[in-house]
Amino acid sequence: MGILLVGEGLLMMLCVGIGLYYAEADIMPFLFSALITLAVGVICVFFSPHKSGYIDKRMAYLIVTLVWVAMSLFGTLPFLATGTIDNFTDAFFEMMSGFTTTGATVFEDIEVLPKSLLFWRSLSQWIGGVGIVMLVLAIVPSLGINSYSLYSAELAGPLKDKTHNRVSATVRNLWITYLVLTVLVFAFLWGGDMDFFSAITHTFSGISSGGFSIYNSSISQLSAYSQYVLAVAMWLSGINLTLFYLFVRVKFSKLRSSLEQFFSYTCVFLLLALITTVVLNQTMEYDLPKAFRLAFVQTASVVSTCGFVVDDTTQWVLPINFLFLIFCLRGGMAGSTSGGLKVMRVLILEKNVRNVMRNRLHPNAVNPVRLNSKPVSDTIIYNVMTLFFVYCFTIVIALFLLILDGVSTTEALGAVVGAITGYGPGLAECGGFGNYAHFPIFSKWVLAFCMLAGRLECITVYMLFLPKFWKR
Amino acid sequence: MIHFYTRIFNGRLVARLLGFMLLTMAVFMLIPIGVSLYYGDGALKGFLVSVAVLVVMGVFFRSIVGRSASYEFHEKESFWITGVIWIVVPLVCALPYWLIGVLPNFIDAVFESFSGFTSTGSTVVQEFDSVPKSVLVWRSLTQWIGGMGFILLVIAFFKKLKAGTSHLYSAEFSGTVQNKIHPRMTNTVRRMWLVYLLFTILMFLVLLFVGNDFVESLCLSFSTISTGGFSPRAGSITSFEWSTQLVVTVFMFLSGINMSLLYYLLRRKPKMLWRSEEFRFYLLVIAVAVLLLTIMLITNGVAEWQSLQYSVFQVVSTISTGGYYIAMPGGWMKVIPLFLFVLMFFGACSGSTGGGIKMVRLMILFKYVRNQFLTMMHPRAVVPVKIDGNVIQLSYINKIFAFIFMYFVFMVAGAFVLMCCGLNLSDSMGVITANIANIGPVIDTLGAAWSYADLPAVAKIVIIVEMLIGRLEIFAIIAIFSPSYWRR
């Protein structure tokens, strides 16, 4: 815990550096918040009673959830200290949205913010992105948390090993992959027509499938080239990071274990882009190249649950927006920075249904659900289904709370789906270039909770609310 | 042609049963003909022509196509029988609406007919004053027939079917944990019809007693016991006396209960009712929902008594999938349609005439998810899901999961088509959910019932499909459209 806060403090110092570089007036508050975070972090490290390296399962659930909450809590300090946000709720919402790589913002006018804060917002997403990947790909397999057993089952080779050495090796490899990707995207953006600052912030938000932009109109005013680069970056961000690593190391045989998800993910992306292109061309009077560009970029943003917005999507026809909502829920691949239910789970659900159908006809046939031509164990199928229903249940409850709080039905649906999948923009007022500033306070807390629950796959978070969890 | 379909499944038997069903419908049509003769409402000609068509088609299928059919059948045939009967019979029975001129548009007539037979209750009739009384009776009668279902008629009265009736039974009627009241399927089904008939007569008498006229009592009792929801007047039953509304509420509640439990109730064994976990859950859901809705209304400034009245009525109507509605008291609250929308997912008890996902499925689901959490903390623990003390097998739970997943898929797909037809988000979700759950009327964003009449034809067809899917619990309908069922 403490180590993480120290890390966060250091990163804030980096923002101070940015502020200094751009010669902004109010870096002092920023400096203060960095120091506070650092201090708390250091205290935690030194006074930590937990000297042994052993963590049991329940601790793991607790720590995972607390990490996100604490990061967001301290992340609010710069906003509060500089006075850009005057209440705690908004700041917490913004930071939760950052660290969960959601990308929903409470700022009505982003462009007036000091550069250091803008940088901090994007950076938080970048950290959140790498955080979830680490959690899922390196740390969880070593702990064996059940709700993620999916991942450990999916991953190939060395990642499955539970020894300490292997974990740190995995962590290192993932870091390198993530960094290389980031640098690549940054190079392409900077090499294009973007200035240093907007290139780096957009890289951070894009590669982590976050979606914070530094412009009010998100990425719509960027050049076509930059938009395409970002679209590719978003598409990449929805892919399992291990795949890149294995790909570079030419371990094609191991790649096969995720091929089906990869094809499903990419095919759906292209298909959806195609449909959207046709629809936009027909209904919005965009010419074909423009329609294709908008559709391609926006679809990439949807399937990776990134949340950059390329056009005023609230003006697009409702069925398309509805499709976007559905495909947000589907999400990217497991082991990526994207949110949603994840492609793999949806595939399992789909195949399982087909199996049940077949069994009605041939009640005695034995046909397991297969993924990548390997049978999937029943435990995983049942875990997936449980998660699916817990997910749906969360959406319904949150929707209900929001509407009770006075948000309109359409907007509430968009906001809840946007929050829980980590997409960001919703429908109507909070969709497109809109923001969440006008939401009531209680709704913002509900949404922040949805973001956390969605990011940590619901079950991890709900465990903490079971009375049994705290017994003994 | 005949040769072709007899090879993939026992097509002659399907034809024979279809013919039988069409002839039975002709017999049922005698009731509105009688009403028409008595009141002289000018609908006689249309009904007679329909009867003629039914008889001709029925004889054709039964005695020509289906002659010398063998009575051997398996799972596959039971899906075919169910699917074909459920598509063809409502189509033909749409004739009266069209011929009499109540619904001059044929697609409207078909919509009304399917809405009737699936006991949904969505209506495209707009001017109730000009509708002949016999047609009103026919509408409600279709609900009454569809509430129990064609297949149960077949099982009860088609004596030659021996083995495999339980396949047929489960293809149409949702018996999840089948509590048979008699070891022989035929006898079980006959007893169920008896219960059904008794309750209908009881309700009819009570309605007459509280002062309704003959036709309206008949219509209401047909449509209530079947959890259908057609009303002989515009605005559902808003304009009826409160005593009638109360009677309707009570009988909607009863018809949402498992039929076999009602049988025990009639046999004066009310303890059996309480022993059923599903029934207790049904009560619990209704009680909690009523409480919440009442609180919501009261905080919105509606008088206590009035809000309780409204809540009880609307909650029972939605959960039993009856689908009647009364006017919403007080100011408009947008949270109420959402609340009712959520309730639509529950559905009535299994083995009742109601639709929806069904209580027992949700119960199993909840219990299973709870157990999953437990096993996550204690990975070695073995905690089976139990209903009424019986362990539910995992493969069965899987079926439920699959069912609900498909339910969602069809909802989303249907809502998508409606959106393409130009409806807004909440309307299309609401309409689809209400129809797949066989509830019917939806309370729209203005607080009034939502009108189906102005929808484009495509939307109506989609809704018809959703109603059928909901009524037959998905599998029978998908089955006959999926390639693997066409293979041998």
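Leaving aside neighbours within four places in sequence, C306(A) touches G206(A), S209(A), G210(A), G211(A), M234(A), S237(A) and S301(A), where contact means C-beta atoms, placed from the backbone, within 7 Å of each other. This comes from a predicted model, in which local features need pLDDT of at least 70, side-chain atom pairs count only at pLDDT 80 or more, and totals for chains, interfaces and linings use all residues. Residues are numbered from 1 along each chain as its sequence is written, with chains lettered from A and ligands numbered from 1 in the order in which they are written.

C306(A) sits in the loop between α13 (288–303) and α14 (318–330) of chain A; helices here are DSSP runs of H or I, at least four residues, numbered from the N terminus. C306(A) counts as buried because 37 other C-beta atoms lie within 10 Å (buried is 20 or more, exposed 12 or fewer, partly exposed in between). A233(A), 73 residues away from C306(A) in sequence, is 10.0 Å from it, C-alpha to C-alpha.

Now for the core. The largest nonpolar core has 289 residues, and those with the most contacts inside it include I348(A), L402(A), L17(B) and M21(B). Such a core is a set of buried Ala, Val, Leu, Ile, Met, Phe, Trp, Tyr and Cys residues joined through C-beta atoms within 7 Å.

Where the chains meet, chain A puts in 30 residues and chain B 31. On the chain A side, α14, α15 (343–361), α16, α17 (409–421), α19 (459–463) and α20 (467–470) each supply at least two residues.

Terms used:
Two residues are in contact if their C-beta atoms, placed from the backbone, lie within 7 Å.
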